[in-house]
Amino acid sequence: MLLKQFTFNMDNTKLYVGNLSYDMTEQELKKYFESIGEVTHAKIIFDESTSNKRSKGFGFIEMSNEENAKQAIEKLNGTEFMGRNIIVSAARPRTRKDY
């Protein structure tokens, strides 16, 4: 049986950021990543089903170019930010949930 080898081609600038503080704002997230380079977009995902719209603890950052995105992964993954060690990786395409 042949297994397909997974290779990631970093041809975009969108990053997944996980293990975020539930109190973090999009502005704070953006400012943290601006230490690496220009951030074109920052988005924290919120649970819309709760009355207070609590953060789900993850979000996305879009850097202005691929080099800054790669540097952000290398330099910020595993760093402590607002009391939590954040996860920074290349964002994967969104998949549809069938349940």
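Which residues does asparagine 68 touch, not counting residues up to four places away in sequence? Asparagine 68 touches Ile36, Gly37, Glu38 and Met63. The legends below describe close-up views of a predicted model.

**View 1. Asparagine 68 in helix α2.** Asparagine 68 is found in helix α2. Its relative accessible area is 13%, and because buried means under 20%, asparagine 68 counts as buried. When residues up to four places away in sequence are set aside, its contacts are Ile36, Gly37, Glu38 and Met63.

**View 2. The buried side of helix α2.** Helix α2 spans residues 66-76, and its buried residues are Asn68, Ala69, Ala72 and Leu76. These residues lie on the same side of α2, because they cover an arc of only 105° around the axis. Among the elements that cover the buried residues of α2 are β1 (14-18), α1, β3 (55-63) and β6 (87-90).

**View 3. The two ends of helix α2.** At the start of α2, asparagine 65 has a side-chain oxygen within 3.2 Å of the backbone nitrogen of glutamate 67. Glycine 78 follows α2, and the phi of glycine 78 is positive, near 85°.

**View 4. The two sides of helix α1.** The buried residues in α1 are Leu29, Tyr32 and Phe33. They are placed on the same side of α1, because the arc they cover around the axis is only 95°. Gln27 and Lys31 are exposed on the other side of α1. The buried residues of α1 pack against the strands β1, β2 (39-46), β3, β4 (80-81) and β6, and also against α2. Phenylalanine 33 has a relative accessible area of 0% and is buried.

View 5. Helix α1, residues 26-33, contains glutamate 28. How far apart are glutamate 28 and phenylalanine 81 in sequence and in space? They are 53 residues apart in sequence, and 10.0 Å apart in space from C-alpha to C-alpha. With its neighbours within four places in sequence left aside, glutamate 28 is in contact with Asp23, Phe81 and Met82. The relative accessibility of glutamate 28 is 33%, so this residue counts as partly exposed.

**View 6. Two residues with positive phi.** Asparagine 19 is not a glycine, although its phi is positive, at about 60°. Asparagine 19 is in the loop between β1 and α1 and is partly exposed, at 31% relative accessibility. Methionine 82 is not a glycine either, and its positive phi is about 55°. The loop that holds methionine 82 is the one between β4 and β5 (84-85). Methionine 82 has a relative accessible area of 34% and is partly exposed. Methionine 82 is also one of the residues in contact with glutamate 28.

**View 7. A salt bridge between glutamate 48 and lysine 53.** A search of the whole structure finds one salt bridge. Glutamate 48 forms a salt bridge with lysine 53, and their closest N and O atoms are 3.6 Å apart. Are these two residues buried, partly exposed or exposed? Glutamate 48 is exposed, at 54% relative accessibility. Lysine 53 has 47% relative accessibility and counts as partly exposed.

View 8. The structure holds five aromatic pairs. In one of them, the ring centres of tyrosine 32 and phenylalanine 33 are 6.1 Å apart and the planes are at 75°, so the pair is edge-to-face. The rings of phenylalanine 58 and phenylalanine 60 also form an edge-to-face pair, because their planes are at 85°, with the centres 6.1 Å apart. Phenylalanine 58 is partly exposed, at 22% relative accessibility. One aromatic cluster is formed by Tyr16, Phe58 and Phe60.

**View 9. Confidence along the chain.** The protein chain has a mean pLDDT of 87, and 84% of its residues reach 70 or more. Over residues 1-10 the pLDDT is below 50. Beyond near neighbours in sequence, this stretch has eight contacts in the model. Where pLDDT is low, the predicted coordinates should not be read in detail.

Technical notes
Residues are numbered from 1 along each chain as its sequence is written. This is a predicted model: local features need pLDDT of at least 70, side-chain atom pairs count only at pLDDT 80 or more; totals for chains, interfaces and linings use all residues. Side-chain values use heavy atoms; hydrogens and water are left out. Helices (H or I, at least four residues) and strands (E, at least two) are DSSP runs, numbered from the N terminus. Buried means under 20% relative accessible area, exposed over 50%, partly exposed in between (1.4 Å probe, protein chains only). Contact means heavy atoms within 4.5 Å. The arc is that of the directions from the helix axis to the C-beta atoms. A polar contact is a pair of N or O atoms within 3.5 Å; within protein, one must be able to donate a hydrogen and the other to accept it, and residues adjacent in sequence count only if both atoms are side-chain atoms. pLDDT is the predictor's confidence in each residue, from 0 to 100. A salt bridge is a side-chain nitrogen of Lys or Arg within 4 Å of a carboxyl oxygen of Asp or Glu. Rings of Phe, Tyr and Trp (its six-membered ring) pair if their centres lie within 6.5 Å; planes under 30 degrees apart count as stacked, over 60 as edge-to-face and the rest as tilted.
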